Amino acid sequence: MSTPTTTPLPPTHTALVQETYAAPLIAKTLPTPLPTPGSAIIKILHAPIMPYLRDVYNGTRAYAYPTPLVTGTSAIGRVAATGPDSVLLKPHDLVYVDGIVRGRDDPGAIIIMGIAEGMTEASRKLMRGEWRDATFAEYVKAPLENVHVLDEARLCGSPAEGGLGYSTEQLGWMLQALVPYGGLRSIGVQAGETVVVAPATGGFGSAAVVVALAMGARVIAMGRNGEALEGLKRELGGRVETVRMTGDLGEEMAALKKFGRIDAFFDISPAEAKGSTHFRAAILSLRPEGRVSLMGGFLEDVPIPHRFVMRFDITLRGKWMYSRADNVAFISLLNTGILDVRSIVKVRGTFKLEEWEKAFDLAAKSGRLGESVMFNP
């Protein structure tokens, strides 16, 4: 009979726990999770803190999740132990732990570990069972299919020896880039196409610009902050064009159409952008058979230019997060060096779990291109 592959695990570990919904977090000593079939135990090295997490855990965003739970998202770590059915993972492997968990017998049951229980009874059951606890901890138990081995020699090795020279901390930015990659890949963005990204100056928006460029596209970045837009263009080069979001539909459409044929629009609008003219302007500027990826955070219905969408065969595609196949393809982009963000990703701060308030405050101010804040438990 197979036995778990393991290195010695301590009996307890420290985790950042929320005992009651919207209550302050607590760095707490808990029993260390143990491997079971279909799982792996990962020692967390770096757990990125998304800019919006303060507002998730203080209740402002009203995300649905059960408590008590160990907070967190995705992470970079090392394999500490595996269940008896693991055939690939080895102790000490450098891995990316993906926090997007799907039901094995119902792929429509999707949760984000430590953050969101999804919208179905099946997803709520999944969240309230085996996978509720996330990565703001010294150890996490994760589904085997959510643990992606990273080629440490290639990604973190010296360029003189064929490596790319990333620090393991920089790899934590993967989470921010994977989200838009899922949306861009879902609408089949191709090399040579022109893609509108809007809004493009926040964390996910600027990551979308970087990823679309790596996929071979020209990008039209839209945003309200002209200085931030120019910073994007200066940092990322000649395939980035910029258009200010002015609140004037005709003005925005005219500015977009100056760049000729537009193939796709990637929307990552926050809830606060409800009523913004950029959404219609970008759709109405698409070529016939253009595509739209809807990944934004609108909480209410938004007007769609139905007659234009119908007459010009426009495809609207919703996408929540990304798939395992997206994860694998994204890691290949990194490994080959096609997606090269060594000079872009800037770690603004690292914190212990007990410093969560300072960490959340800094993360909330760190939503620009390549900026990253993380826990190093």
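## Two domains

The chain splits into domain 1 (12-149 + 345-375) and domain 2 (176-318), with bounds that come from an automatic or database domain assignment. Before going on, a word about what you are looking at. This is a predicted model, in which local features need pLDDT of at least 70 and side-chain atom pairs count only at pLDDT 80 or more, while totals for chains, interfaces and linings use all residues. Residues are numbered from 1 along each chain as its sequence is written, and side-chain values use heavy atoms, leaving out hydrogens and water.

## Where the domains meet

The C-alpha centres of domain 1 and domain 2 are 30 Å apart. At the interface, 9 residues of domain 1 are in contact with 13 residues of domain 2 (contact means heavy atoms within 4.5 Å). Together the two domains bury about 750 Å², with 56% of it on carbon and sulfur atoms; buried area is the accessible area, found with a 1.4 Å probe, that two parts lose on being put together, summed over both. Which residues supply 62% of the area that domain 1 buries against domain 2? They are M50, R368 and L369, which give more than any other three residues.

There are 0 salt bridges between domain 1 and domain 2 (a salt bridge is a side-chain nitrogen of Lys or Arg within 4 Å of a carboxyl oxygen of Asp or Glu).

## Helix α6 and its two sides

Now look at helix α6, residues 226-236. Helices here are DSSP runs (H or I, at least four residues) and strands are runs of E (at least two), numbered from the N terminus. The buried residues of α6 are A228, L229, G231, L232 and L236, where buried means under 20% relative accessible area and exposed over 50%, with a 1.4 Å probe and protein chains only. Seen down the helix axis, these buried residues fall within an arc of 155°, so they line one face of α6; the arc is that of the directions from the axis to the C-beta atoms. On the other side, E227 and R234 are exposed.

The cover over the buried residues of α6 includes α5 (203-214), β13 (218-223) and β14 (240-244). Just after α6, G237 takes a positive phi of about 100°.

## A buried threonine

Is T135 buried or exposed? T135 is buried, with a relative accessible area of 0%. T135 sits in the loop between α2 (121-127) and β10 (139-143). Leaving aside residues up to four places away in sequence, T135 touches I44, A47, T71, G72, T73, S74, A75, V97 and V140.
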